[in-house]
Amino acid sequence: MTYQGLIHRYRQYLGLPAHTQNISLLEGDTPLIPMPRLSRQLGCELFVKFEGLNPTGSFKDRGMTAAISEAVGRGAETVICASTGNTAASAAAYAARAGLRSIVLIPEGKVAVGKLAGAIAYGAEVIQIRGSFDDALTLVVEITQKTPIALVNSINPFRIEGQKTAAFEICDDLGSAPDWLCLPVGNAGNITSYWAGFKQYQKGLPQVLGVQAAGAAPLVLGHPVEKPETVATAIRIGKPARGEQALDAARESNGMIIAVPDEKILAAQKILAEEGVWVEPASAAGLAGLLAESATGKFEAKGKRIVIVCTGHGMKDPAIITESFISPKVIPANYGSLIEVIAS
Ligand code: F0G
């Protein structure tokens, strides 16, 4: 049967109310890509769950199909979210699909161009906040408490329901849960969802390695970060809404939450691209964390089956690449010049 999206495929496992409709862009069903070179290097079996291949280019579409389907079913007319970019684009797309008005609040100047362009293209009303993601989240919580506007951040429980499906897919593909699951942690909705999904699906439990950027690592520091800073703007978050649940996932799974510096995140982004998978910086945090931990010897990758969750596509944030590269050579349009430049 042709694929009909996540709610159709996994409805029996999703705690969604009866009024839920099915607003889908055929999200999910993303590939679990084997990484032979990295596997050889680490002596493990390593896969990338490439969530950048969702309809709007990030994993957010899993939760958004659920949140928008529920919101439209209960008669909501307008949805709102705070976002570092990907949630905004996803909310805008699913709202457009459902015929809803969407409003997105983003931190001024800190959203990657592919995400901003997406939100605009899908017709969201984009508002920049002179402040952080955390400030924007506080504002959208307040407005949704005082007005009928529906909140579609991952505080919304249906977002978590939808995002559990990634854990189901991994178990379906591998036959069981992997030994380790490595993923970036920002507002902590995704780590919460994976852990809930693995527990529910009963195909084994992974140990969970959650990775924050060193400049935005409240869960590692044990306190909120007032002015989070990182090149991985997607996870530039100082006060994760589901922080406690993220810590629970790490503890219950016998895993951990660690922080890695921006240089290691960018190095991991390069390593993934060299194996043909281009992801946005935040999405490389899982691999950066895995490499950092294996280098300390605290973490034994050997013989393990490991899944790295790459949450967003590299095309979301092209500037991170183009700002640091040397402009490609320009040559006259003739064969002689081409041969000369290739041979040099
Ligand atoms: N990776 C990417 C590419 C993201 O966009 C996000 C979150 C995360 C990882 C972290 O996921 O918040 O569930 O822990 N982006 C949100 C947004 C905050 O607004 O797009 P999380």
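Predicted model: local features only at pLDDT ≥ 70, side-chain atom pairs only at ≥ 80, totals over all residues.

Trainee: What makes the rings of Tyr13 and Phe168 a tilted pair?
Mentor: Rings of Phe, Tyr and Trp (its six-membered ring) pair if their centres lie within 6.5 Å; planes under 30 degrees apart are stacked, over 60 edge-to-face, and the rest tilted. By this rule there are 7 aromatic pairs. For Tyr13 and Phe168 the centres are 5.3 Å apart and the planes stand at 50°, so this pair is tilted.

Trainee: Why is this pair said to tie together parts of the chain?
Mentor: Helices (H or I, at least four residues) and strands (E, at least two) are DSSP runs, numbered from the N terminus. Tyr13 sits in the loop between α1 (6-10) and β1 (32-34), while Phe168 belongs to helix α8 (residues 165-174), so the pair joins parts 155 residues apart in sequence.

Trainee: How do you know whether Tyr13 is buried, partly exposed or exposed?
Mentor: Buried means under 20% relative accessible area, exposed over 50%, and partly exposed in between (1.4 Å probe, protein chains only). Tyr13 has 26% relative accessibility, so it is partly exposed. Phe168 has a relative accessible area of 0%, so Phe168 is buried.

Trainee: Why is the pair of Phe168 and Tyr201 called stacked?
Mentor: Their rings are 4.5 Å apart, centre to centre, with 20° between the planes, and stacked asks for planes under 30 degrees apart. This pair, too, links distant parts of the chain: Phe168 is in helix α8 and Tyr201 in helix α9 (residues 189-201), 33 residues apart. Tyr201 has 11% relative accessibility, so Tyr201 counts as buried. Tyr10, Tyr13, Phe168 and Tyr201 form one aromatic cluster.

Trainee: What makes Ala91 count as buried?
Mentor: Ala91 has 1% relative accessibility, so it falls in the buried class. Ala91 lies in helix α4 (residues 86-98). Contact means heavy atoms within 4.5 Å; leaving aside residues up to four places away in sequence, Ala91 touches Met64, Ile68, Cys81, Ser102 and Val152.

Trainee: How many disulfides are there?
Mentor: A disulfide is a covalent bond between the sulfur atoms of two cysteines. Here the test is a pair of cysteine sulfur atoms within 2.5 Å, and the count is 0 disulfides. For Cys310, the nearest cysteine sulfur is that of Cys182, 10 Å away, and Cys310 is in no disulfide. Cys310 is buried, with a relative accessible area of 0%.

Trainee: Why are α12 and α13 described as roughly perpendicular?
Mentor: Axes are lines fitted to C-alpha atoms, for helices over the stretch in contact, and angles run from 0 to 180 degrees between N-to-C directions. The axes of helix α12 (residues 262-274) and helix α13 (residues 285-296) come within 8 Å and cross at roughly 105°. Angles under 35 degrees count as roughly parallel, over 145 as roughly antiparallel, 65 to 115 as roughly perpendicular and the rest as oblique. That makes α12 roughly perpendicular to α13.

Trainee: Which residues meet there?
Mentor: Lys264, Ile265, Ala268, Ile271 and Leu272 from α12 meet Ala285, Leu287, Ala288, Leu291 and Ala292 from α13. They divide into 9 nonpolar, no polar and 1 charged. In this scheme Ala, Val, Leu, Ile, Met, Phe, Trp, Tyr, Cys and Pro count as nonpolar, Asp, Glu, Lys and Arg as charged, and the others, Gly among them, as polar.

Conventions: Residues numbered from 1 in each chain as written. Heavy atoms only, no water.
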